[in-house]
Protein chains: 6
Amino acid sequence: MSIVVTNIRRADPAVIEALGKAGVATVHEAQGRTGCLASHMRPIYPGAQIAGSAVTISAPPGDNWMVHVAIEQLRDGDVLVLAPTSPCDAGYFGDLLATSAMAHGCRGLVIDAGVRDVRDLTAMGFPVWSRAVSAQGTVKETLGSVNVPIVCAGQLVEAGDVLVADDDGVVVARRDDAEAVAAAAQKRLEAEEAKRRRLAAGELGLDIYDMRPRLAAKGLKYV
Amino acid sequence: MSIVVTNIRRADPAVIEALGKAGVATVHEAQGRTGCLASHMRPIYPGAQIAGSAVTISAPPGDNWMVHVAIEQLRDGDVLVLAPTSPCDAGYFGDLLATSAMAHGCRGLVIDAGVRDVRDLTAMGFPVWSRAVSAQGTVKETLGSVNVPIVCAGQLVEAGDVLVADDDGVVVARRDDAEAVAAAAQKRLEAEEAKRRRLAAGELGLDIYDMRPRLAAKGLKYV
Amino acid sequence: MSIVVTNIRRADPAVIEALGKAGVATVHEAQGRTGCLASHMRPIYPGAQIAGSAVTISAPPGDNWMVHVAIEQLRDGDVLVLAPTSPCDAGYFGDLLATSAMAHGCRGLVIDAGVRDVRDLTAMGFPVWSRAVSAQGTVKETLGSVNVPIVCAGQLVEAGDVLVADDDGVVVARRDDAEAVAAAAQKRLEAEEAKRRRLAAGELGLDIYDMRPRLAAKGLKYV
Amino acid sequence: MSIVVTNIRRADPAVIEALGKAGVATVHEAQGRTGCLASHMRPIYPGAQIAGSAVTISAPPGDNWMVHVAIEQLRDGDVLVLAPTSPCDAGYFGDLLATSAMAHGCRGLVIDAGVRDVRDLTAMGFPVWSRAVSAQGTVKETLGSVNVPIVCAGQLVEAGDVLVADDDGVVVARRDDAEAVAAAAQKRLEAEEAKRRRLAAGELGLDIYDMRPRLAAKGLKYV
Amino acid sequence: MSIVVTNIRRADPAVIEALGKAGVATVHEAQGRTGCLASHMRPIYPGAQIAGSAVTISAPPGDNWMVHVAIEQLRDGDVLVLAPTSPCDAGYFGDLLATSAMAHGCRGLVIDAGVRDVRDLTAMGFPVWSRAVSAQGTVKETLGSVNVPIVCAGQLVEAGDVLVADDDGVVVARRDDAEAVAAAAQKRLEAEEAKRRRLAAGELGLDIYDMRPRLAAKGLKYV
Amino acid sequence: MSIVVTNIRRADPAVIEALGKAGVATVHEAQGRTGCLASHMRPIYPGAQIAGSAVTISAPPGDNWMVHVAIEQLRDGDVLVLAPTSPCDAGYFGDLLATSAMAHGCRGLVIDAGVRDVRDLTAMGFPVWSRAVSAQGTVKETLGSVNVPIVCAGQLVEAGDVLVADDDGVVVARRDDAEAVAAAAQKRLEAEEAKRRRLAAGELGLDIYDMRPRLAAKGLKYV
């Protein structure tokens with residue numbers, strides 16, 4: 001039952017780069033308000049903004065053996081995504097694993113569990129989005145799987161899907177939708193720019209979006 | 001049932017300014033240890049310290065339509081305060097709404113739900129105290145109310161009440177008590193200064209506050 | 001039942017210093033993956049790394065009287081460690097108490113409850129690891145005890161034990177084990193350095209730790 | 001600051017009885033989907049369904065002194081409602097206090113904290129809705145207030161408001177709205193009966209409520 | 001983006017029945033320790049044990065419109081499975097919807113949100129596994145989807161998958177694996193029976209499973 | 001580091017029986033309001049009331065191997081007490097282990113993690129107090145220890161300590177204090193009986209305990 005899928009398809013690097021520039025909130029909106037991981041997934045330091053192809057890890061609680069297995073599967077531009085098979089906040093990952101992952105092209109880690117050595121990771125510029133920071137160590141006794149579909153923080157993630165992460169959290173875009181989502185995100189960014197200028201000038205969303213008639217029809221009263 | 005109260009009374013701007021300078025902990029103590037919002041209300045970036053008059057929003061879960069309605073009610077120096085009608089951590093508010101709110105004089109947002117675009121909000125200097133950071137989008141389908149009394153993070157907030165927020169969280173002062181609270185806060189700050197000097201010099205609180213007899217009377221034993 | 005133990009034994013200052021340099025994750029590993037306080041114990045600002053002898057406080061919920069009592073028991077290099085007798089997130093500790101504690105040699109506070117005045121504490125360089133930040137005030141009505149064994153955030157802490165705290169959280173080392181743990185930590189740090197270089201050069205943990213045969217024996221399949 | 005309001009107005013007993021028969025969900029809907037206390041407020045045993053006038057208690061964390069004070073204020077048909085001034089799950093209330101409260105006409109307790117002796121309370125038929133069951137004891141050292149407005153589990157409750165509680169949780173109806181709410185609840189119950197029969201016969205809500213055109217207009221597609 | 005898939009494939013009724021008899025823990029083990037929904041999914045009353053084909057619902061927070069749409073898609077022996085698009089504990093479902101669902105053959109509801117009218121549902125014998133019990137009402141304003149893949153309480157559920165639920169919680173079996181899982185579950189039940197007799201007679205698991213050599217090899221010491 | 005302590009001392013069976021009859025709240029009060037495990041420890045069925053000597057288990061997250069080891073250490077009248085080394089809600093224990101434990105005299109299980117097969121356990125009359133009910137299975141790969149001191153749900157438990165558990169939760173009494181606590185509990189029960197009669201007759205606690213002067217002295221005002 002424990003497998004490593006070695007040949008995964010990834011999205012076009014230019015598409016991944018575009019999604020990363022768009023950022024989490026825009027990608028989420030561009031794909032129809034879907035794909036956000038749960039809000040408990042927080043960055044260990046502010047300011048990182050990445051996108052990459054998911055190398056997924058399904059790991060037992062308190063056992064980080066499969067991280068070593070997954071690192072061999074990394075290609076340049078990938079992101080490690082780990083979900084424990086039952087809730088766990090132990091520290092699966094620290095500076096040694098980050099050193100190894102970076103040497104294999106990894107852009108960051110998304111983990112619905114704990115991470116440690118966060119000061120070192122910050123100094124190394126290796127970003128992590130996690131449920132917890134915890135020094136609690138793990139063992140290497142029980143197998144899991146790599147590059148199988150997982151549910152991480154409430155979202156299905158398949159190997160090769162595109163993970164986008166920034167200070168707002170993490171969103172996943174299906175690999176096969178990535179190009180269309182990137183295009184929709186770009187349009188959305190352009191449309192926002194015009195709105196931002198009007199709003200900054202003091203125009204109200206009530207007027208820009210013509211909300212007043214619909215609010216009145218729904219029964220809103222001013223008193 | 002969905003209303004917007006358009007004419008709210010606010011506290012004296014000088015009083016609001018004094019409360020803002022005193023900060024959350026001092027205002028809370030000055031009004032008899034009342035008014036603190038729940039400790040899950042955290043700032044999106046450190047260092048902001050504000051006070052302002054509450055423009056309140058009662059909004060359905062996952063629906064930010066009323067934020068647009070509320071922005072029209074803002075006056076210079078106000079603070080938006082939003083409570084969802086049932087628990088929700090979606091991202092009701094981002095950089096476009098902040099742009100609009102700032103253009104109408106808003107000093108910040110207090111929201112018992114989620115906020116997004118936090119990197120942009122930080123760059124804009126628009127402070128937010130929230131339950132969560134979340135890119136999860138919202139809809140504009142169901143009415144709520146503006147400037148009605150709400151319960152936000154465990155505290156009653158009425159339109160025109162003074163919200164004070166800093167790195168310690170958020171406290172609310174009733175509009176009609178604001179002046180007295182500001183005066184009490186000022187006295188407290190002055191009294192603290194003398195104590196701080198004595199404590200820094202190594203005097204013990206046990207002696208400064210004459211606690212030893214009462215501790216002994218209660219039965220404290222040194223062994 | 002309320003007592004203050006006045007004569008506590010402490011570990012050797014050189015050992016404490018060595019543990020502080022090793023940091024939380026290394027100390028935790030060096031003593032057999034034990035001693036981590038729960039991951040909800042977070043620092044109020046990043047970058048602090050301390051070690052010190054525990055002066056323990058058992059305090060009722062919402063009552064910080066015993067903190068004053070404990071401060072008299074501090075010696076240079078100590079750390080205050082407070083556990084409430086039932087769960088509480090009120091702000092037991094602020095800048096005045098920190099001023100007093102610093103004047104008596106205190107290196108920081110570990111508290112399974114709330115702390116306030118965090119901006120001031122940050123400016124003073126007084127580090128705190130806590131369950132919450134909260135301005136909610138406390139009273140001085142009910143006794144507790146000082147320097148008795150407590151359970152703080154899931155770990156037993158006895159007076160004189162060594163607390164180590166950094167961005168990864170907090171770990172406790174038994175006073176009588178501290179010297180052996182420090183030695184084990186030092187060995188571990190040296191061993192890690194060699195591994196770090198190999199991993200940075202692209203060698204895989206799978207090979208460095210010779211994991212492949214054992215993974216195969218357990219049944220891992222590559223597909 | 002610590003007061004006991006001794007003369008509170010209550011709603012008409014017939015109205016209270018009607019609200020109790022309607023139950024929590026119906027009362028909540030009848031007053032425009034407002035008033036539900038947070039869903040962590042659970043009954044200690046199934047099957048109780050009560051309504052009564054609120055005698056409110058604001059109490060410090062871990063201190064149940066004010067419960068004794070409140071019991072003197074009870075009149076036949078009242079419900080005790082307690083909110084701690086900061087989050088606390090200690091057991092404020094047990095079988096002795098229940099014996100006393102019942103002797104003074106109390107119908108039950110709503111407490112955003114802990115309760116104990118739940119087996120005895122069950123045997124006595126004294127219902128409680130609480131955040132927790134906990135044997136953790138409390139002290140009698142610090143004042144609070146009785147019959148002041150409180151926020152309990154996210155809802156404002158004023159003395160004399162009507163609390164309705166059953167297996168679905170707890171809802172509060174403003175005293176001055178109680179009669180109108182009871183009338184609206186009665187209408188709602190009658191309307192539901194007809195719908196229930198049609199639904200039981202297999203008719204679809206889609207047809208009974210004529211939802212299909214609006215679903216289609218919003219864009220729902222069947223594939 | 002809002003769709004209803006009308007033609008879903010279901011597992012063989014005899015297989016579903018066998019999975020229901022095996023129960024949650026056995027099914028979970030039989031499919032390699034996978035498929036358990038999160039442990040916050042609790043039954044509203046003890047003793048129910050069901051299995052059925054999933055009719056899935058993706059619904060916005062606080063909006064139960066899609067439940068009406070889903071009921072039309074029910075066939076005899078189905079189970080409704082609802083996941084909100086962001087965390088929500090409002091009461092999406094009550095006795096009227098249960099009446100309707102039962103009239104269309106529904107065996108129960110699995111909902112990662114709230115449910116209400118639990119006393120009525122208990123009397124009707126309509127079992128529900130939910131995150132919360134809450135009377136908080138919902139609206140019918142925003143579309144969702146029916147019979148699309150959802151993540152419910154941490155597990156991927158696709159329309160037609162088999163949900164098994166009892167007092168231990170909920171597990172999902174992939175439709176195409178259901179037959180093999182049922183066979184494995186049956187074997188497991190038979191094997192357990194022999195072990196149960198030996199354990200009841202006082203034999204130790206240490207001996208039955210021959211654990212002593214492996215424990216010794218790992219280093220376990222008796223002192 | 002993984003050990004099994006085979007020779008533990010237990011309290012006098014008559015004392016244990018007396019503590020069990022007194023129940024959790026009374027024992028907690030009789031030992032100075034100490035020893036309650038956290039309130040998330042709930043019974044899987046109502047009505048059980050037990051006391052027994054602790055056989056303690058320290059187990060890795062998601063690994064129940066040590067339960068088998070511990071069962072061999074059971075003597076008639078013991079209670080198993082398990083704490084995971086990092087937070088975990090997986091189902092460590094089910095009906096087979098309960099069958100084995102009962103065959104060796106075990107009175108129940110206290111576990112700060114999950115339990116499964118709760119319907120069978122209820123039918124067998126094997127009571128469990130746990131953090132969660134969960135069918136999630138565990139492995140047998142990593143050692144832990146038996147009969148070492150553990151922290152379970154916030155309380156230190158040593159092998160041979162007396163665990164008392166009922167519908168109010170769980171309390172631990174130190175083995176060497178057990179006799180004195182049982183005596184104090186007995187006195188408390190007798191004193192309560194007289195108070196109960198007076199309270200039932202309508203006398204107020206305010207008068208029975210002579211609280212009025214102290215309330216007035218603290219400043220309580222009736223308005």
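Student: Which strand of chain B is joined to S12(A), and how many bridges join them?
Tutor: S12(A) is joined to strand S1 (residues 3-4) of chain B by 2 bridges, and the strands run parallel. Strands here are DSSP runs (E) of at least two residues, helices are runs (H or I) of at least four residues, and both are numbered from the N terminus. Two strands pair if DSSP finds at least two bridges between them. Before we go on, note that this is a predicted model, where local features need pLDDT of at least 70, side-chain atom pairs count only at pLDDT 80 or more, and totals for chains, interfaces and linings use all residues. Residues are numbered from 1 along each chain as its sequence is written, chains are lettered from A and ligands numbered from 1 in the order in which they are written, and side-chain values use heavy atoms, with hydrogens and water left out.

Student: Okay, which residue stands opposite A:Tyr222?
Tutor: That is B:Val4, in S1(B).

Student: How many residues does the contact take from chain A and chain B?
Tutor: It takes 33 residues from chain A and 36 residues from chain B, with contact meaning heavy atoms within 4.5 Å.

Student: And how much area is buried between chain A and chain B?
Tutor: About 3000 Å², with 57% of it coming from carbon and sulfur atoms. Buried area is the accessible area (1.4 Å probe) that two parts lose on being put together, summed over both.

Student: What is the count of salt bridges between chain A and chain B?
Tutor: The count is 4 salt bridges, each being a side-chain nitrogen of Lys or Arg within 4 Å of a carboxyl oxygen of Asp or Glu. B:Glu72 and A:Arg212 form a salt bridge, at 3.0 Å from N to O.

Student: Which elements of chain A each supply at least two residues to the side that touches chain B?
Tutor: They are helices H2 (24-30), H6 (178-200), H7 (205-208) and H8 (212-218), plus strand S12 (221-222) of chain A. H6(A) gives the most, with 5 residues. By class, that side of chain A has 13 nonpolar, 7 polar and 13 charged residues. Nonpolar covers Ala, Val, Leu, Ile, Met, Phe, Trp, Tyr, Cys and Pro, charged covers Asp, Glu, Lys and Arg, and the others, Gly among them, are polar.

Student: Which residue forms a salt bridge with C:Arg196?
Tutor: A:Asp95 does, and the closest N and O atoms are 2.5 Å apart.

Student: Last one: which residue stands opposite C:Lys221?
Tutor: A:Ile3 does. There, S1 (residues 3-4) of chain A and S12(C) pair in the parallel sense over 2 bridges.
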